[in-house]
There are 2 protein chains.
Amino acid sequence: MERTLIKDLAAKVGETVTINGWVDVTRVQGKVAFFDVRDRTSFVQGVVFGKPEVLEVATALKPEYVVAVTGVVQKRQEKSINDKVENGDIELEVTSIEVLNEAQPLPFASDAEINLDTLLDNRPITLRRKHERAIFKVQHEILVAYRTHLVSQGFTEFQAPKLVGGDAEGGAEVFKVKYFKGVEASLATSPQLYKQIMAGVFERVFAVGPTFRAEKSATSRHLSEISMMDLEMAFIKDHTDVITLVTGLIRAIVEHVNTTCAKELEYLGQPLALAPKTFPVMTLREGLEIIKKETGVDKTGEPDLEPEDERFLCEYANKHMGSDFVFVTHYPTSKRPFYTHIDPEQPELTRSFDLLFRGLEMCSGGQRVHKYDELVSRIEKKGLDPERFQFYLQAFKHGIPPHGGIGMGLERLTAKFCGVANVKEATLFPRDINRIDTLTSKESSDEAEL
Amino acid sequence: MERTLIKDLAAKVGETVTINGWVDVTRVQGKVAFFDVRDRTSFVQGVVFGKPEVLEVATALKPEYVVAVTGVVQKRQEKSINDKVENGDIELEVTSIEVLNEAQPLPFASDAEINLDTLLDNRPITLRRKHERAIFKVQHEILVAYRTHLVSQGFTEFQAPKLVGGDAEGGAEVFKVKYFKGVEASLATSPQLYKQIMAGVFERVFAVGPTFRAEKSATSRHLSEISMMDLEMAFIKDHTDVITLVTGLIRAIVEHVNTTCAKELEYLGQPLALAPKTFPVMTLREGLEIIKKETGVDKTGEPDLEPEDERFLCEYANKHMGSDFVFVTHYPTSKRPFYTHIDPEQPELTRSFDLLFRGLEMCSGGQRVHKYDELVSRIEKKGLDPERFQFYLQAFKHGIPPHGGIGMGLERLTAKFCGVANVKEATLFPRDINRIDTLTSKESSDEAEL
C-alpha cells in the first residue's frame with residue numbers, strides 16, 4: 001500500500017493507511033500495546049489489541065526500530081484525547097507491522113539533557129531529536145528564502161572555488177593543502193575575490209558554500225568550517241544601496257521562517273524576530289556615543305565593537321527602535337580589508353557596515369574599491385604583493401562597475417533565530433580546533449568562553 | 001535617474017531613461033558617434049549627434065568602459081533595423097554619458113576564437129563573453145530547478161562538511177589538509193556518509209557543494225574540485241524508487257532550462273534535450289548485448305562501460321528510444337563502493353545505476369546497505385577498518401530506513417546541456433593538475449585526451 005505521511009492522517013479518519021517511520025515510545029498493558037511512530041512530518045500513536053500475531057510483533061518493538069505500519073485511522077475517545085501532542089485526537093488501530101530495520105537502544109534517553117560533547121559525539125542520532133530537527137529545518141528555510149529573494153531581485157547564483165592559490169584577505173589563519181607537483185594550495189577563507197570578479201559578469205551574484213578558517217579559538221562563536229551566504233551587486237552609488245538590498249533580504253527571510261517554521265520556533269521557545277521596514281542604521285561613532293550615554297562607559301575612541309558592545313546595541317535597538325537588527329557603519333580604514341571603499345569625505349573611515357542580530361555580528365559588508373590604480377595601492381599598503389593578485393586584478397583593469405556586497409554566516413543566523421547559545425548547535429557537523437566529527441585527540445573539547 | 005534594464009527599453013519608446021552597463025563596440029563617423037552598451041539583460045545601440053560636449057565623451061569611450069547613459073528611446077528608421085541583434089529596431093538617442101569606470105583594452109577581440117589556456121588564463125574577462133555568460137546562466141537555472149523540484153518532493157537541503165577525518169569511499173585520490181595539533185585531515189571526495197546519516201534525520205535530503213579529487217588525469221572530464229548535486233531518500237523499496245524520482249527531477253530540470261534559457265541554448269546552437277516520460281532503463285548486461293548486436297564488438301563479459309560504450313548507448317537511445325537519457329543498472333558488486341546494496345537474487349550484482357546523458361555518465365546512484373551487520377562486513381571486505389567508520393555507523397546501529405540516492409556532477413550536466421566539449425568550459429574557475437586560476441607551473445596545460 002502506498003505510504004501516507006503522518007501529517008495527513010487527521011484527514012483520513014476511518015480509512016486504512018500505511019505509515020512509515022521510527023518507533024518512539026512503546027508501552028504494553030496486558031493484551032494491548034501502544035507505540036508512537038514518528039516520520040519527518042509528525043507523529044501518531046498506534047494501538048494493537050485483539051490480534052495476537054500483531055501484538056507479538058508490537059511487543060518486540062524498541063525505540064528507533066524502523067517500521068511500516070498498516071491500520072485504520074480512528075478518532076480517540078473523548079477521555080483519551082491529548083491536546084498537548086500532535087495528532088492527540090486520533091490513533092492508528094494497527095492491523096499489521098513490518099519491521100524494516102532493527103535498532104540497538106540509544107545511549108541516552110531521547111529527551112535527556114546532554115552536554116555539548118555528548119551531543120556532538122553522537123550527532124547521527126542526536127540530530128533525530130525534535131530540538132535538533134527544528135534547528136535544521138529553520139536553517140533549510142533560511143536558505144530557501146535567501147535564494148528565492150535574491151533570484152527575484154535579478155541575482156545569479158555561482159559556485160565559488162574553495163581550493164585557492166593564496167589567501168584573499170591576508171590576516172585570517174589559513175588551512176594549507178598539498179596540491180600537485182609540490183605546490184601548496186590554501187582553503188578559501190571567503191569567496192570575496194571571486195564574487196567581485198562575478199559582479200563584472202552578471203552584475204548581481206550570490207554564492208552559498210563552505211569557507212575555512214584555521215582559527216585556534218575554541219569559543220561559542222568559532223568554527224573551522226563555516227557556511228557562508230555571500231552576495232555582490234554592481235552599479236551601486238554607495239554602501240547604502242547594499243544596506244537597502246540586505247534589509248529587504250533579511251525581511252524576506254524573517255517572513256519566510258516565521259511562516260514555514262512557526263511550529264519549530266514555538267517548540268524552541270523563540271519569539272518571531274523584529275524586522276521593521278527599515279532597520280536602525282548608526283555609524284560606529286554614533287553607536288559608541290549611545291553606549292557612553294546609556295552606560296557611562298566611554299569607548300568612543302575605539303576602532304571596533306567588542307562582543308559586549310554588540311549585545312548592548314542590540315538590546316538598545318530592540319527596546320527603543322523595535323528592531324532585532326541594527327546596521328553599524330563606517331568602520332576605520334585600518335580595520336577593514338584592502339578592497340573596502342574609503343569614504344571620500346572622511347578617508348580614515350570606510351563605506352562599510354556590520355549587521356548585528358540579537359547581540360551578534362551576523363554579516364559584514366560595504367562598497368568595494370573599483371578603481372584599478374587605487375586597488376593596487378591599497379593592496380600594497382596592506383603589505384601584500386599585487387603580483388599575487390594578477391588574476392583578480394584583470395577584472396579591474398578591464399572595467400568593473402562600482403559594486404558592493406556582504407558575507408553572512410548561515411550558522412550564526414540559524415543560532416540566533418533558534419535561540420541556541422553555541423553556534424556549534426546550529427551546525428550539523430561542526431569542526432573546530434578539537435573536533436572533526438569525533439574528537440581529534442583524547443582531550444575534552446571543553447570551551448574557554450572568550 | 002533610476003536605472004532601466006536594457007531588456008525593458010523596447011517598451012519605453014519615446015521616454016527618457018538611464019541605462020548602466022559596459023561599452024561593447026564604438027564607431028565614430030564625423031559628427032555622429034555610435035556605441036553599443038550591454039548590461040546583464042541585453043544590449044542596445046546608443047547614438048550621439050548634434051551635442052558636441054556629449055560627442056566628445058562618446059569619442060573617448062573604449063570597449064569595457066563602465067557607463068551610465070541617459071537618452072531617449074527611439075524607433076529606428078526602417079532601413080536601419082537589424083533583425084539579427086537584440087533591440088535591433090530601437091536605439092538610444094543619447095543626451096548624457098557618465099563614465100563610472102575606465103578600462104584598458106582587452107588582450108584579444110571579444111569574439112575571437114581562443115584556446116582553452118587563453119580562455120582560462122583570462123577568466124575574469126572571458127567570462128563576460130556572450131558564450132560564457134550563456135553557459136553559466138544555464139548552470140544557475142539547473143540549480144534553481146534542482147532545488148525547487150526536490151523541495152516540492154519533501155526534501156530538506158543540508159550543508160555537508162568538506163573537512164573530513166578520513167576518505168569515505170577508499171579508492172579515490174584524496175587531498176590532505178594540515179589540521180590542528182599535527183592532525184592530518186582530508187578534503188571530502190563526496191558527502192556520501194553524511195547524506196546517509198541525514199536520511200535518518202529528515203528522510204529526504206539533498207546537498208549541493210564542492211567535492212575534491214586529487215586525480216592526476218588531465219582530461220576533458222576531470223577536475224580537482226567538482227560541484228556535486230547529491231540527494232538521498234529513505235523508505236524506498238529498492239533502487240527503482242530512486243530511478244523514478246531522478247526521472248522526474250531531470251524532466252523538471254530540462255523543462256526549466258528549456259523555458260528560462262531558450263535564448264542561451266539557441267545562441268549555443270543546442271537542441272532541447274529529449275526527456276520522455278520514462279527514460280530507457282537497461283542492465284549493464286543488456287547494454288553490452290545491444291553493443292554486441294549493433295556493432296559486432298563483444299564486451300558482454302566486461303564489468304563496466306568504457307567512454308565509447310557510453311557514447312554508443314546514448315546514440316542508440318536517442319535514435320531508437322527518443323531519449324537523451326539512459327539508465328544503466330546492476331553494476332557488479334566488485335566495482336561499486338561498500339555501501340551499495342546487493343541484489344539479493346544475484347549477489348554478484350548491485351541495485352545500482354548510472355545515468356548517461358548525451359554520451360557521458362552524469363550521475364551514479366542506487367540503493368544503499370541499511371543493515372548494520374551487513375554494512376560492517378562490507379566495509380571489511382573492501383579492506384577498510386570499521387573502527388574508522390564508528391561515527392557513521394551510529395546511524396545504522398540505531399535504526400536507519402532502507403534508502404538510496406544519487407550524486408550528479410553540475411559541471412558535466414551543464415557541459416552537456418551547452419554542448420561544450422570540455423567540462424572545464426562549464427566550470428567558472430576550474431582547478432586541475434596544472435591550474436589554480438593561473439598555471440601552477442610554467443608548463444602549458446595541454447591535455448592528453450584519455
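Trainee: What should I know before I start?

Mentor: The model is predicted: local features need pLDDT of at least 70, side-chain atom pairs count only at pLDDT 80 or more, and totals for chains, interfaces and linings use all residues. Residues are numbered from 1 along each chain as its sequence is written, and chains are lettered from A, with ligands numbered from 1, in the order in which they are written.

Trainee: Which rotation superposes chain B on chain A?

Mentor: Two copies of a chain are related by a rotation about an axis and a shift along it. Here the rotation is 180° and the shift along the axis is 0.0 Å, with an RMSD of 0.0 Å. The two copies are therefore related as by a two-fold rotation axis. In chain B, the C-alpha nearest the axis belongs to B:V177, 2.4 Å away.

Trainee: Is helix α11 of chain A buried or exposed?

Mentor: Count neighbours. A residue is buried if 20 or more other C-beta atoms lie within 10 Å of its own, exposed if 12 or fewer, and partly exposed in between; C-beta atoms are placed from the backbone. Helix α11 (residues 390–397) of chain A is mostly covered, with seven of its eight residues buried. Among them are A:F391 and A:K397. The buried residues pack against α5 (192–202) and α10 (372–381) of chain A, and also against α3 (123–126) and β19 (438–439) of chain B. After α11(A) comes A:G399, with a positive phi near 90°.

Trainee: Which residues have the most contacts inside the largest nonpolar core?

Mentor: A nonpolar core is a set of buried Ala, Val, Leu, Ile, Met, Phe, Trp, Tyr and Cys residues joined through C-beta atoms within 7 Å. The largest has 220 residues, and A:V326 and B:V326 have the most contacts inside it. Beyond four places in sequence, A:V326 touches residues including A:F279, A:L313 and A:L356. A second, separate core of 20 residues includes A:V177 and B:F175.

How values were computed:
Copies are superposed by least squares on the C-alpha atoms of residues with pLDDT of at least 70 in both. Helices (H or I, at least four residues) and strands (E, at least two) are DSSP runs, numbered from the N terminus. Two residues are in contact if their C-beta atoms, placed from the backbone, lie within 7 Å.
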